[in-house]
Amino acid sequence: MESDSDSDGSHISATPPRNSKPPSPSPSPLPSSPPPQPLPQILSSSHKSRTRVKTSFGSKKTPKPLTKSPPKPSQDEPAPNLPPPSTLPFQICHPFVQSRPTVPISLSIETLPAGYFSKSASFSKIHRPSLNFESTENDTRPQISAGANSTDHVSQGNKPNSFKKHPNLIGANAPLLPAKLRKYSVSEGNFVKLNMNRNKRKFLNRKATSKNGYGSSGFKSYRRSKRKQKAERKSVCDADLEDGLISEIMEQKPKRGKGSEVIEEAVFAVQNEASDENLVKLLNVMYGYDSFRDGQLEAIKMVLDGKSTMLVLPTGAGKSLCYQIPAMLLPGITLVVSPLVALMIDQLKQLPPELQGGLLSSSQTSQEAAETLRLVKEAAIKVLFVSPERFLNAEFLPNFSAISISLLVVDEAHCISEWSHNFRPSYMRLRAPLLRARLNVQCFLAMTATATNTTLNAVMSALEISSANLIQKPHIRDNLQLSVSLSGNRMKDLLSLMKSSPFMEVQSIIIYCKFQSESDIVSRYLCDNNISSKSYHSAIPSKDRSQIQELFCSNKIRVVVATVAFGMGLDKRDVGAVIHYSLPESLEEYVQEIGRAGRDGRLSYCHLFFDDTTYCKLRSLLHSEGVDEYAVSKFLSYVFSNGKQGKICSIIRESASREFDMKEEVMLTLLTQLELGEVQYLHLLPELNVTCTLNFYKTTPVLLADKDIVVSAILKKSETKQGQHVFDVPTVANSIGFTTIDLSNHLQSLKLKGEITYEVNNPAYCYSIVKVPEDFCFLSAYLTRWLSEVERLKVQKLDAMFNAAVSAVNECEKMQGCNDSQHTPCLQRKILDYFREDGQYDISNQMRQSSPFLRADIKVFLQSNSQAKFTPRAVARIMHGIPSPAYPSTTWSKTHFWGRYTQIDFQVVMEAAKTELMNFVGKNAL
Ligand SMILES: Nc1ncnc2c1ncn2[C@@H]1O[C@H](COP(=O)(O)OP(=O)(O)OP(=O)(O)O)[C@@H](O)[C@H]1O
């Protein structure tokens, strides 16, 4: 495997500088680290607000109800903040703390001394390599990015191509066919019509009013609406999409022109003989590039050979091309599984015009999905993007029985592995035997930029990819200059960094923050100090977000201060610097985010700030998803409580989350594991609002029930509240052997006939039981172990990130090209070691192992909250200041023990809590 670690920084001088003018002769030195500042308030409730789907109430055409229309049922009052008395293992019999208890004087306040991590570093002189200024902005610049190793390139000479913007591409920077070919090429390309029905934005059948046939306003609004779909990376999955996302995605066949003949010839030549020369020719006529980047040709040839392949290339190295070219050549369709709809949309719009694409995601309506499937069946779509949630479900599969799938691509393949930084339960569906059996697909291409060896092994074993078919290139491009500094005052240090060379000369900069509030504060601070910037995160209205991204891409905004929401799918080639204001949660995340810089191959700067307070805070937060065996077993009993095989069951997300003190995502992870683990216990059904409130209008309920089986069941199974019938959708469906979808359709038809109106609320996970577990204890122990392991690994990943930063600052001997705060070689080496050696990587943690006051404080806390019930984890969360569904910060942050022990390892606090709880319960029992 190639290694970046041998580089000593000298290679960087071969790259033209980002700033076209030479650096100012004397970079202004930065001040030494001032004393630490408190972090801004960073904890926020993870609760999603309850959605309420209104189907017909309030419509003007609604006929008058038979009975006087009662007032709308009020939304459920939020449940009390504490779980019911019998639900927690430790009961403490004392008055509860609803009003502030008289807490004895605090026993201790544990804080790490400032400068806990010795030797503070300064980034005052960021090393600037000697640069060759001969190349100018307009040169065909040496791409030292992914294809750093130029010997691996298959080239047809390096004539510069005059790239023109694709008429239908949304991406601001995607290079396109050279001018000479563009004039022959398709005029309408792979325009993806993206209708936002719910937002009433329709571009279908738009009359051509401009050269490209779409009308400039239509195209502009299309671009705008596309950009709206950037969403928070961690939180966005199909179900999380903002309202009115994708309603329709369709293709228009490109008009055939002389350019398409040239491409057809090139395709034909490769189909005859997949030689390097023919493939380069195809690359050239399709994309206008002269040579493949490192790893691309190898991957394409492997896939064309029918070999399942694991491809690990750095971000921005050009992985997409590795399935796009095969998709042009292979007879069947190419399915691309992608974790985020926003990513799918980006990839869809970046398909070359000759390649027709489509998208299926669970946020589409059934009509939209049907339209896409129709196009697939007509072979009008060559590349189909699908979300893993949609994938392999009972509704999806039958559509593919008669369709030949030549290639299945798993994008962000690390999501398959629970050992990755971004495990997604829905990716557990991606198993070779299942895919072969259900879709008859034989060839897989798994792609990622960030995978440790353990993760790679997990992915390759899931997709049965032979180790001989692993293509792996260094994780970081050589054109990224990495610097790091321990900061006592990040805000001030950031300002100094921004005002010093080279950052002051860089055109486009992304500053990554961990929290939304932090991003707002930092952006405001920069603006107040004459550095204009914009804050970007998912709480900013989508219209504004789109605008910020658009302005950033067109270089009208220089600095964006963003959470992780910014960047996924962003293919701005000339981002010159990425600054981490907050420590990333893993080296994977760090690598992914610095990969936003220098996609054009030019030298780019990445600076990382770190400090012990942020590290401790992040480490605490990583424990917010952990669960105890007690909670898991309670959850399992509930899941199978009314359990007969085949029965449709539901779990109302919000109330169950409080009841089990488990985040909604954790409940979904458990349910997915019960579906996709070794034994299939249940079958997940689409999520649904399960509580229905119904009014009858035309016909009296009893008369209607005589003719209608559904109405008859509703009358039997509903409660009448103020003249309205309230019922649980799965209960009614079960009673007449309907599916929930059938029942919903039936209600809809009654509504259209004017017989009823109804409203549904309470979003719930729905499933049918396949098998009731024989041994609940065994299963809950197994699931808890599994979740704990995932939790432990996340913490280890943060430790590894922190240790890499600490050791660069404190241990680097500055021998091999590192100097001042510039640590490219040693950070590259750390990253390489981490990805390669995995388990043996240094992941010792820097947390304090205990405090003499910990147990005494817990004891006081328990005494003063004696009516409440706690698990050890609940106590530890409070001591770490982590809110949870049953112990929200609104109530519990009022205790002055809240967050007092963030610097002590969570497990240690939990152990202490366990001991104290035992003592407490023991004493009470006496
Ligand atoms: N052979 C090539 N020569 C020049 N540019 C290329 C080549 N291959 C791909 N590119 C360009 O590199 C950019 C990044 O490509 P792409 O989006 O496929 O990267 P990626 O590896 O998927 O990145 P990420 O991991 O961030 O999604 C695109 O603008 C693409 O057009």
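Start by selecting residues 321–329, which form helix α6: nine of its nine residues are buried, so this helix is mostly covered. Its buried residues include Leu 321, Cys 322 and Tyr 323 at one end and Ala 327, Met 328 and Leu 329 at the other. Keep in mind as you look around that this is a predicted model.

**Zoom out for a moment**

Show the whole protein chain. It has 28 helices and 23 strands. Of its 926 residues, 59% are buried. Now think about contacts between residues at least 6 apart in sequence: 81% of these join residues at least 24 apart.

Next, pick residues 587–594, helix α14. Eight of the eight residues here are buried, so the rest of the structure largely encloses this helix. Among the buried ones are Glu 588, Glu 589 and Glu 593, along with Tyr 590 and Gln 592.

Then jump to residues 872–880, helix α26, where nine of nine residues are buried. Arg 873, Arg 877 and His 880 are among them, as are Val 875, Ile 878 and Met 879. Step just past the end of α26 and you reach Gly 881, which has a positive phi of about 70 degrees.

**A buried serine**

Select Ser 338, in the loop that runs between β6 (333–337) and α7 (341–349). Is Ser 338 buried or exposed? With a relative accessibility of 0%, Ser 338 counts as buried. Show what surrounds it: setting aside neighbours within four places in sequence, Ser 338 is in contact with Leu 343, Met 344, Gln 347, Val 386, Ser 387, Pro 388, Asp 411 and Tyr 427.

**Helix against helix**

Time for some packing. Two packed helices are described by the angle between their axes and the distance between the axes.

Colour α16 (residues 629–639) and α18 (residues 664–676). Their axes are 12 Å apart, and the helices pack at an angle of about 60 degrees. That makes α16 oblique to α18. The crossing of α16 past α18 is right-handed. Show side chains for the contact: Phe 635, Leu 636 and Val 639 come from α16, while α18 brings Met 667, Leu 670, Leu 671 and Leu 674. Sorted by class, the α16 and α18 contact holds seven nonpolar residues, no polar ones and no charged ones.

While you are in this area of the sequence, click on Lys 663, in the loop between α17 (653–660) and α18. Lys 663 counts as buried, since its relative accessibility is 15%.

For the second pair, colour α20 and α22 (residues 740–752). Here the axes come within 10 Å and cross at roughly 105 degrees. That makes α20 roughly perpendicular to α22. Val 710, Val 711 and Ile 714 of α20 meet Leu 743, His 746, Leu 747 and Leu 750 of α22. This α20 and α22 contact has six nonpolar residues, one polar and no charged.

Stay on Val 711, which sits in α20 (residues 709–717). Val 711 is buried, as its relative accessible area is 1%. Which residues does Val 711 touch, not counting those up to four places away in sequence? They are Phe 696, Pro 701, Leu 704, Ala 705 and Leu 750. Between the C-alpha atoms of Val 711 and Pro 701, ten residues apart along the chain, the separation is 7.4 Å.

Most residues other than glycine have a negative phi, and most peptide bonds are trans.

- Ala 379 is not a glycine, yet its phi is positive, at about 60 degrees. Find it in the loop between α8 (366–377) and β8 (383–386); Ala 379 is exposed, with a relative accessible area of 59%.
- Glu 464, also not a glycine, has a positive phi of about 50 degrees. Look in the loop between α10 (453–462) and β11 (470–472); Glu 464 is partly exposed, at 43% relative accessible area.
- Ser 501 and Pro 502 are joined by a cis peptide bond, with omega near 5 degrees. Pro 502 is in the loop between α11 (490–498) and β13 (509–512).

Terms used. Residues numbered from 1 in each chain as written. Predicted model: local features only at pLDDT ≥ 70, side-chain atom pairs only at ≥ 80, totals over all residues. Heavy atoms only, no water. Helix = DSSP H or I, 4+ residues; strand = E, 2+ residues; numbered from the N terminus. Buried < 20%, exposed > 50% of the residue type's maximum accessible area, 1.4 Å probe, protein only. Contact = heavy atoms within 4.5 Å. Axes fitted to C-alpha atoms, helices over the stretch in contact; angles between N-to-C directions. Parallel < 35°, antiparallel > 145°, perpendicular 65-115°, else oblique. Left-handed = near helix turned anticlockwise from the far one by under 90°. Nonpolar A, V, L, I, M, F, W, Y, C, P; charged D, E, K, R; others polar.
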